[in-house]
Amino acid sequence: MTGAVGIGSRTAGRLRELRLPLGLWALTRIILLVCVFKIVVVPGPDVTSDVEQIYQSWYEVLKTGTYPQDDVTWQYPPAAALAILSPVLLPFLNYSAAFFVLALLCDAVVFGLLAHTGGRPGRSMRGAWLWLAAVPLMGPTAYARYDIMVTAVAVAGLLAAIRSPRVLGALAGFGAALKVWPVLLLAGTPKGRATWRSWPTAVGTAVGVLVLCMVWMPGSLAFLSFQSERGTEVESLGAMVFHVARHFGWDGEARMNYGSIEFLGPGVSVVSKGAMALTAAAFGWLLLWRFKARRFTSSTVADAAFVAVLLFTATSRVISPQYMIWLVGLAAVCLVYRSSRMRTPAYLILWATAVTQFEFPVWFSHVTQSDWLGVGVLFLRNGLLIAATLMACRILWKHTVTEAGTVIPVPEGQPEREKVLTGSV
């Protein structure tokens with residue numbers, strides 16, 4: 001009887017603690033829904049047009065039993081069809097309304113997972129608070145792209161990593177079949193048993209999903225040729241060269257190309273190849289880090305995933321605004337663990353997310369024109385992104401390589417499986 005009373009008391013106390021964050025989550029999400037349903041219109045381009053026009057057009061094609069293999073804007077792995085078709089789960093709503101509601105549900109799942117994990121002994125609610133703040137700071141773009149669905153899969157996988165490497169592997173593999181980048185969740189799995197359980201599971205899941213998609217509908221691999229032909233998108237790091245060069249007579253233009261506004265003209269191919277070289281260098285650094293890493297704490301899987309996605313985002317030829325939702329989700333998972341030292345890079349990503357809403361959609365016309373307001377806001381956003389990337393890389397290296405000989409304190413009551421994972425026993 002006493003035990004039941006104690007459990008009830010703890011549950012009641014936990015609900016009281018969650019009253020404020022739950023209330024703020026509900027309030028901010030109502031505001032987001034007001035924006036995506038255009039009750040209040042955010043200045044700049046209509047961010048919901050991708051759902052209402054592009055996604056819905058893909059939906060109509062997918063319903064006929066084939067991928068949109070004649071549409072160059074289809075640049076996603078085959079399992080992305082599941083996200084595009086997901087509004088069929090809410091047949092009583094029109095396509096865009098159903099999509100926004102499902103995005104809201106994914107947002108709620110992420111917040112719930114972060115809050116639940118953050119309330120455990122030795123964990124922190126900082127991750128839930130970061131997610132609570134960052135999604136509305138991104139504005140309606142957060143609900144008008146399917147990236148929030150992919151991020152929900154990634155967050156669930158990372159939070160399951162300690163207890164079940166196989167679950168991490170399965171969700172990373174499925175996420176990779178949705179949008180490739182979740183494969184980077186596996187970058188920091190501890191050497192040995194955890195890696196041998198998670199990596200083969202990820203490969204098996206991804207291959208299984210891809211085979212099912214290939215059997216399901218023709219055209220499942222058409223995205224490969226479309227993606228390879230992307231150029232330098234105006235919001236990317238490499239694009240800064242041309243934003244400045246336009247003020248000194250560069251003879252080029254920014255226009256729609258392969259589904260986004262890209263720079264076309266002299267030198268663009270060189271910068272694009274330079275971006276790919278930087279991505280290759282980032283991959284090399286990750287391999288070197290993994291080879292030299294000696295300490296794996298409870299937060300290392302999340303920290304390494306955060307660093308890996310930061311590296312590949314910052315060096316990409318394309319940095320679309322919705323990419324920030326990936327980084328926010330991974331940063332939030334890092335902050336759940338008290339052993340993580342990624343607090344400052346995570347907060348830099350929070351600020352970069354806030355700036356991103358001004359870069360797109362509010363002042364996007366200034367960005368495409370390369371005027372000083374557009375260049376300034378883009379320099380600020382990309383500067384924060386670069387600072388977060390460099391700082392996070394340094395922290396990860398120092399925490400897992402340089403300080404590898406330091407004794408790790410083990411919190412009281414830490415589960416045995418977590419002690420093994422962290423190297424504490």
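Me: Where is S370 found?

Reply: In the loop between α15 (364–369) and α16 (372–402). Helices here are DSSP runs of H or I with at least four residues, strands are E runs of at least two, and both are numbered from the N terminus. Bear in mind that this is a predicted model: local features need pLDDT of at least 70, side-chain atom pairs count only at pLDDT 80 or more, and totals for chains, interfaces and linings use all residues. Residues are numbered from 1 along each chain as its sequence is written, and side-chain values use heavy atoms, with hydrogens and water left out.

Me: What about the phi of S370?

Reply: It's positive, about 60°, although S370 is not a glycine. Most residues other than glycine have a negative phi.

Me: Is S370 buried or exposed?

Reply: Buried, because its relative accessible area is 1%. The cut-offs are under 20% for buried, over 50% for exposed and partly exposed in between (1.4 Å probe, protein chains only).

Me: And K38, where's that and what's its phi?

Reply: K38 is in the loop between α1 (2–36) and α2 (49–62), with phi near 65°. K38 has a relative accessible area of 35%, so it counts as partly exposed.

Me: Which peptide bond is cis?

Reply: The one from F360 to P361, with omega near 15°. P361 lies in helix α14 (residues 343–362).

Me: Switching to rings. How many aromatic pairs?

Reply: The count is 21, taking Phe, Tyr and Trp rings (the six-membered one for Trp) with centres within 6.5 Å; planes under 30 degrees apart are stacked, over 60 edge-to-face and the rest tilted. One of them is F242 with W250, a tilted pair at 4.8 Å centre to centre and 35° between the planes.

Me: What does F263 do with F242?

Reply: Their ring centres are 5.6 Å apart and the planes are at 50°, so that pair is tilted. It links distant parts of the chain, with F242 in helix α10 (residues 239–245) and F263 in strand β3 (residues 260–264), 21 residues apart. F242 and F263 are both buried.
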